[in-house]
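User: I'm new to this one and would like a close look at a single helix. Could you take me through it, and then show me what sits around it?

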Amino acid sequence: MAGVDVSNLTISFPLYHGDARSLKKTLSGALGGRRLSGRFAQDNRNRVTVRALTDISFSLRPGDRLGLIGRNGAGKTTLLRALAGIYEPVEGRVLVRGRIGTLLDTSLGMNPELSGRENIRLRGLFFGLSDKAITEVEQDVETFAGLGSFMDLPLKTYSSGMGVRLSFGLATAIMPQVLIMDEWFMAGDESFMRRAAQRISGLVEGAEILVISTHMPEIVEKWCTRLLWMEQGRVVMDGPTDQVLPAYLEAES
Ligand SMILES: Nc1ncnc2c1ncn2[C@@H]1O[C@H](COP(=O)(O)OP(=O)(O)OP(=O)(O)O)[C@@H](O)[C@H]1O
């Protein structure tokens, strides 16, 4: 059974800077001369670190559709990336059971040296699909992306729009059990979005568990049964959409 268990997750990033002392000075100037505090700290290697997530815990089971809401810098993208296995916890644990699908970053998991067709086949092998299933995915993506002979050229020769069409087609061709997506993935020119919307809806409805980061109340109302409202890397409120959304909108107004 698909499932997501996040317990006491904390993630921080070291800030690499040419001169760590001048960075500390700048930050402490911004803090009015106070010592580094709040989201900034110093690690045991004397680097300044920024805390993106602090002590996050929640569990999801089939049927759960979780929306992550909060202002810029709240930690939504970092949490999605931790769920996708891109970021390692500094403390705590992230456990995802089931096939994960990510609509996060279009270049994620793509090899620029390989052709579109090779990238598709590689992804199919990675997911353990049969030869027949891989061929079906290949045909589906080829039709959707409409790249013509570019399908057999290396990705590095693609324009950015072509790259988006291929990676979007591929990311939406294999049905995941746990779908992790960033709302910006739904941004694009209108004609692309008309064709893309149907594929996304199919994926969102077919996935057992959804986690989506969004700023749009209409997306939340349409798709999410539960909301995690985050601020400064912490959970402010966690509950059903009809309770959390009004509280969030009121705090924002
Ligand atoms: N690679 C990184 N290096 C340093 N700091 C980072 C890194 N990634 C994120 N952060 C910091 O972590 C915090 C959370 O960022 P995150 O991108 O997760 O927020 P968000 O809620 O997705 O914001 P937005 O709505 O603007 O996309 C921010 O303070 C950000 O500056």
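Analyst: Let's start with the buried part of helix α5: Arg165, Leu166, Ser167, Phe168, Gly169, Leu170 and Ala171 are all buried there. Keep in mind that this is a predicted model.

Ala196 counts as buried because 21 other C-beta atoms lie within 10 Å, and the cut-off for buried is 20 or more. For a sense of distance, Ala196 and Leu228 are 32 residues apart in sequence and 26 Å apart in space, C-alpha to C-alpha.

Now take β6, the strand on the list. It belongs to an open sheet of six strands, in the order β6-β7-β8-β4-β9-β10, with mixed pairing. β6 is an edge strand here, and so is β10; each pairs on one side only. On average, neighbouring strands of this sheet are turned by 15 degrees against each other, ignoring direction.

Strand β4 (residues 65-69) and strand β8 (residues 209-213) run parallel, joined by four bridges, and Gly67 stands opposite Ile212 in β8. Strand β9 (residues 226-231) and strand β10 (residues 234-240) run antiparallel instead, with six bridges between them. In that pair, Met230 stands opposite Val235 in β10. β9 and β10 form a hairpin with two residues between them, and Gln232 in the turn has a positive phi of about 50 degrees.

There's another open sheet to look at, made of four strands in the order β2-β3-β1-β5, with antiparallel pairing. Its edge strands are β2 (40-42) and β5 (91-97), each pairing on one side only. The twist here averages 40 degrees from one strand to the next. β2 and β3 run antiparallel and are joined by three bridges; Phe40 has Val50 in β3 as its bridge partner.

Val50 also leads us to the ligand. It is one of the residues around the ligand, along with Phe13, Leu15, Ala52, Gly70, Asn72, Gly73, Ala74, Gly75, Lys76, Thr77 and Thr78. The elements giving two or more residues to this shell are β3 (48-60) and α2 (76-83). α2 provides the largest share, with three residues. Sorted by class, the shell has five nonpolar, six polar and one charged residues.

Finally, step back to the whole chain. It has eight helices and ten strands. Of its 253 residues, 32% count as buried, and the stretch of α5 from Arg165 to Ala171 is buried too. Among contacts between residues at least 6 apart in sequence, 72% join residues at least 24 apart.

Methods: Residues are numbered from 1 along each chain as its sequence is written. This is a predicted model: local features need pLDDT of at least 70, side-chain atom pairs count only at pLDDT 80 or more; totals for chains, interfaces and linings use all residues. A residue is near a molecule or strand if its C-beta atom, placed from the backbone, lies within 6 Å of it. Ala, Val, Leu, Ile, Met, Phe, Trp, Tyr, Cys and Pro count as nonpolar, Asp, Glu, Lys and Arg as charged, and the others, Gly among them, as polar. A residue is buried if 20 or more other C-beta atoms lie within 10 Å of its own, exposed if 12 or fewer, and partly exposed in between; C-beta atoms are placed from the backbone. Two residues are in contact if their C-beta atoms, placed from the backbone, lie within 7 Å. Two strands pair if DSSP finds at least two bridges between them. Axes are lines fitted to C-alpha atoms, for helices over the stretch in contact, and angles run from 0 to 180 degrees between N-to-C directions.
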